[in-house]
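This note sets out, in numbered points, what may be read from the model shown below. Please keep the structure open while going through the points.

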Amino acid sequence: MIDQILPALLHLAEPAVFGFLVFGVIIGLVVGAMPGLNDSITLAVLVPITFAMPGDLAFPLLVGIYCSACFGGSFPAILLKIPGTASSVVTAIDGNAMARKGQGGLALGIATYSSVFGGISSALVLLFCAPFLAEQALRFGPPEYFALALLGLSTVIGMATGNAVRSTIACVLGLLIATIGFSPQSGYPRFTFDEPWLYDGLPLVPMLIGLFGIASLLDMAEEAWVRRRNPASASAAEAATAGVRFRDLLLPVSMIRRLLPTWTQASVIGNIIGILPGAGMLMAIYMAYGRVARRFGAQAGTGLPEGVAAPEAANNAVVASSMVPLLSLGIPGNSTSALFLGALLIQGLRPGPSLFTDSPDIAYLIVVAFVVANILMFPLGLAMARAIPGLVARIPQGMLGAAVALLCIAGAYSVANSTFGVVVALGFGIFGYLMNKLHVPLSPLILGVVLEPVIERSLYQSLSLSGNSPWIFFERPISGVLMATAIAFILWPLVGSRITRRRKA
């Protein structure tokens, strides 16, 4: 592995490649600080653009955005109590309370240190786990791939606390959407309604642009209609940032020692949740903050430094670890890493075990870029912590929305130079907006779309090998363990709810 990491580091050190990585980190910080935008929207817009870029420039750019966007959301969350991204909702609780006490600089410093700690921990997990898992996955046959894909779907259901039914519905919808087009096994058309546009199925990238970009634009329009735009936001940003000095952002050694246990616990939680396909960043954030709330009781929510450190370390710990199943097994860890799947496919690469053997230069470049991007977040985050919130608050939401809409439409069209991509993006934008209103999660839907071809292909191949006997999935050791784990995840919501009712009784 070392013989691949060193060339990747040298490649990343080239001025053009390193420049795109730095540019991506800066874009992520700015975008994350813009309420209504996030890493998913930005990546959905930029993925089609990377079609015309070399892979060694496109992936560092995307990695930089992914690493820093969720951290950038903490700036307005702390100073203005306006979460820039969904992942910074919990940070706003104690962070803004600290800012009201005149400790805004300290809160921003804690967010910076915490994000870098969690991000580097997840980058190291990616560095050491992804190549190992890819090597082991080369031994997988059709039964193992079927069991692994089923496990990926089952984790979404098993980890969806209080939302198992909606997650199951989203999974089923994703599986059904992915079946549109000709069956690769029988050649029979499914759900095409004799429309030639549907013979090849629905394109993934326009679908993602709609679910994230267009749907978020509709959310922004709804918020603008309700609030009629707040003219005091710019002055509020200036007042909040006026008292923040650069030296306030640097944590004393005593504070670092105090927060180290919280960083460690939150990073462990984030890395575990990140590796599980479809578990989601919000789950890690609330689990990490829950530990702080149980430990400090009524102090949580009153401006507690641990209340800022835990969610920030957890959300960045999810980032790189969510790429572990994608790069090593071809299964996206969350909805944002699914966008990387689209970028890899656009570049003609196939994510999974063969990525590290067929294209080791790109695979290890992505892995090393995550490590370096998280290191770059520290100086760039400290330098931009004062400037970004005030600048973002002055950008008219209408102008921002129009620019994002234009990029979404152009990106959807550019995938295949076809208006069908635009229609798909608009349709799934409305569909994603309705799912958000009904509180149906998008990650299970995307996971179903991505995993359906794997499930269908490996199921046919496995049954052909066994003479149509389903016991092949349980007779082989690896697939048997994966199937048992998947069944446990599926049954856990039922068992867990019964245990909870007995405890209350």
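1. A salt bridge is taken here as a side-chain nitrogen of Lys or Arg within 4 Å of a carboxyl oxygen of Asp or Glu. The structure is a predicted model, and by this rule four salt bridges are counted.

2. Because Lys 437 belongs to helix H21 (residues 419-437) and Glu 222 to helix H10 (residues 204-227), the pair ties together parts that are 215 residues apart in sequence.

3. Glu 144 forms a salt bridge with Arg 476, and here the closest N and O atoms are 3.0 Å apart. The two residues come from distant parts of the chain, 332 residues apart: Glu 144 is in helix H8 (residues 142-158), whereas Arg 476 is in the loop between helix H23 (472-475) and H24. Are the two partners buried or partly exposed? Glu 144 has a relative accessibility of 4% and therefore counts as buried, the limit being under 20%. Arg 476 has a relative accessible area of 30%, so this residue is classed as partly exposed.

4. A further salt bridge joins Arg 258 to Glu 306, with the closest N and O atoms 2.7 Å apart. This pair also links distant parts of the chain, with Arg 258 in helix H12 (residues 253-275) and Glu 306 in helix H14, 48 residues apart. Glu 306 counts as buried because its relative accessibility is 2%. Arg 258, by contrast, is partly exposed, with a relative accessible area of 37%.

5. Helix H14 also takes part in a helix packing. Helix H6 (residues 91-100) packs against helix H14 (residues 305-321) at an angle of about 140°, and the two axes are 8 Å apart. The crossing of H6 past H14 is left-handed. Which residues meet where these helices pack? On the H6 side they are Thr 91, Asp 94, Gly 95 and Met 98. On the H14 side they are Pro 305, Gly 307, Val 308, Pro 311 and Glu 312.

6. The protein chain contains 24 helices and two strands, and 57% of its 505 residues are buried. Of the contacts between residues at least 6 apart in sequence, 79% join residues at least 24 apart. The accessible surface of the protein chain is about 21500 Å², and 68% of it belongs to carbon and sulfur atoms.

How values were computed
Residues are numbered from 1 along each chain as its sequence is written. This is a predicted model: local features need pLDDT of at least 70, side-chain atom pairs count only at pLDDT 80 or more; totals for chains, interfaces and linings use all residues. Side-chain values use heavy atoms; hydrogens and water are left out. Axes are lines fitted to C-alpha atoms, for helices over the stretch in contact, and angles run from 0 to 180 degrees between N-to-C directions. Helices (H or I, at least four residues) and strands (E, at least two) are DSSP runs, numbered from the N terminus. A crossing is left-handed if the near helix is turned anticlockwise from the far one by less than a right angle, and right-handed if clockwise. Contact means heavy atoms within 4.5 Å. Buried means under 20% relative accessible area, exposed over 50%, partly exposed in between (1.4 Å probe, protein chains only). Accessible areas come from the Shrake-Rupley method with a 1.4 Å probe; for residues, only the protein chains shown count as cover.
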